[in-house]
Amino acid sequence: MTPYLQIDHIDKAFTPGTLVLKGVSLTINKGEFVSIIGHSGCGKSTLLNIVAGLTKPTNGGVFLEGRQVDEPGPDRAVVFQNHSLLPWLTVYGNVKLAVDKVFGPTKSRAERHDWTMHHLQLVHMAHEHHKRPAEISGGMKQRVGIARALAMEPKVLLLDEPFGALDALTRAQLQDTVQEIAARLGNTVIMITHDVDEAVLLSDRIVMMTNGPNAMIGEVLDVSLPRPRDRLGMTDSSAYLSARTRVLRFLYERHRHPVAA
Ligand code: ADP
Ligand code: MG
C-alpha cells in the first residue's frame, strides 16, 4: 500500500557543509495526528516548511499519496504561531477568501457561504464573524487561522506551534477544540510543539528530534491512550504518565539543549 504522507530521506543545508536536518524519514497514515517535538532551533519549522513546499530540501523528498510535492498547495494548509489574518477583512472575510480561492470553480456562492460559516462554527467563532482581527483576542485569531486552514479541506493540516503564543487557559481551550475537530473530521495532522503535555494529549504518535546540526528523528512514541482524552482524567493514568516521562527523558536527559547542558 502507498503510504499517505511520506517524508523520504530529507537533508537540509541552508549554508554549504552544515546540515540542519540529516536523513529525516517519516511515514504518516491517513487520519493520524503526529506531533514533532524537539528543542528550539533543531529544525522543526524547517521540516514542516519542507512538507508545506515553502522550503526546498537539499536531498530527499515529500510524497503525498505517492505524488511528490515540492511546492505549496491547498492540499497542505499551514497554521503558524502568529497567524497574520488580513486586518482589513472580517473574520468571515478572512476564511471566505481562502474558500473562494479553493472552491470558486466547484462550489456555488451559497455553498461557499455555508462552507465558510460551517468552519467558523467548528472553531466556535461563528458569532464573531463580523469582527475584524483587531477586535478579537489572540486565541480567537488562532481559531480563525485554524478555520481558514480547515476550510481549504487540506489532505494534511500543518500546525507550527499554533498555541505557542497563548496563555495556558486559552491554550487548553484551543487544544480541546482541535481534538474535537480532528476526531470529527478525521484530519491528518502534523503539529510542532515544545509542550510535552500538549503532545501527549493530542497525538497518536510523538516524533522526538535530536538537536541540530544534523538533527534527526531520535525516537518515535506511540500514544495509545483512548480517545476522547480528558486532560483532568488523564493525569491519573499510568499510560499518560509513562508517555510524558518518556518524552521528558528524551528532551532533558538524553538530548539536552546545548545551551542548557
Ligand atoms: P525550530 O523550528 O526547531 O526552532 P528552525 O527550523 O526554525 O528550528 O531552524 C533550524 C535551524 O536552521 C536554526 O539553526 C536556524 O537558524 C536555521 N535556519 C532556519 N531557517 C533558515 C534560513 N531561512 N536561512 C538560514 N538558516 C535558517
Ligand atoms: Mg520553529
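Two strands pair if DSSP finds at least two bridges between them. Strands (E, at least two residues) and helices (H or I, at least four residues) are DSSP runs, numbered from the N terminus. The model is predicted: local features need pLDDT of at least 70, side-chain atom pairs count only at pLDDT 80 or more, and totals for chains, interfaces and linings use all residues. Residues are numbered from 1 along each chain as its sequence is written, chains are lettered from A and ligands numbered from 1 in the order in which they are written, and side-chain values use heavy atoms, with hydrogens and water left out.

An open sheet of six strands shows mixed pairing, in the order 6-7-8-3-9-10. Strand 6 (76–79) and strand 10 (217–222) stand at its edges. Each has a single partner strand, so one side of each lacks a neighbour in the sheet. On average, neighbouring strands of this sheet are turned by 15° against each other, direction ignored. Axes here are lines fitted to C-alpha atoms, for helices over the stretch in contact; angles run from 0 to 180 degrees between N-to-C directions. Strand 9 (residues 205–209) runs antiparallel to strand 10, and five bridges join them. Methionine 208 has glutamate 219 in strand 10 as its bridge partner.

Another open sheet has four strands in the order 2-1-4-5, with antiparallel pairing. Its edges are strand 2 (18–28) and strand 5 (67–68). Each of these has a single partner strand, so one side of each is left without a neighbour in the sheet. Five bridges pair strand 1 (residues 5–15) with strand 4 (residues 59–64) in the antiparallel sense. Aspartate 11 has asparagine 59 of strand 4 as its bridge partner. Helix 1 packs on this sheet and touches strand 1, strand 2 and strand 4 (contact means heavy atoms within 4.5 Å). The direction of helix 1 makes about 120° with that of strand 1.

Helix 1 (residues 44–52) also gives the most to the shell around ligand 1, with three residues. The residues around the ligand, each with a heavy atom within 4 Å of it, include Phe14, Val20, His39 and Lys44. The shell divides into three nonpolar, six polar and one charged residue. Nonpolar covers Ala, Val, Leu, Ile, Met, Phe, Trp, Tyr, Cys and Pro; charged covers Asp, Glu, Lys and Arg; the others, Gly among them, count as polar.

A backbone N or O atom of lysine 44 lies 2.9 Å from an oxygen atom of ligand 1. For a polar side-chain atom of threonine 46, the distance to a ligand 1 oxygen atom is 2.6 Å.

Note on methods:
A polar contact is a pair of N or O atoms within 3.5 Å; within protein, one must be able to donate a hydrogen and the other to accept it, and residues adjacent in sequence count only if both atoms are side-chain atoms.
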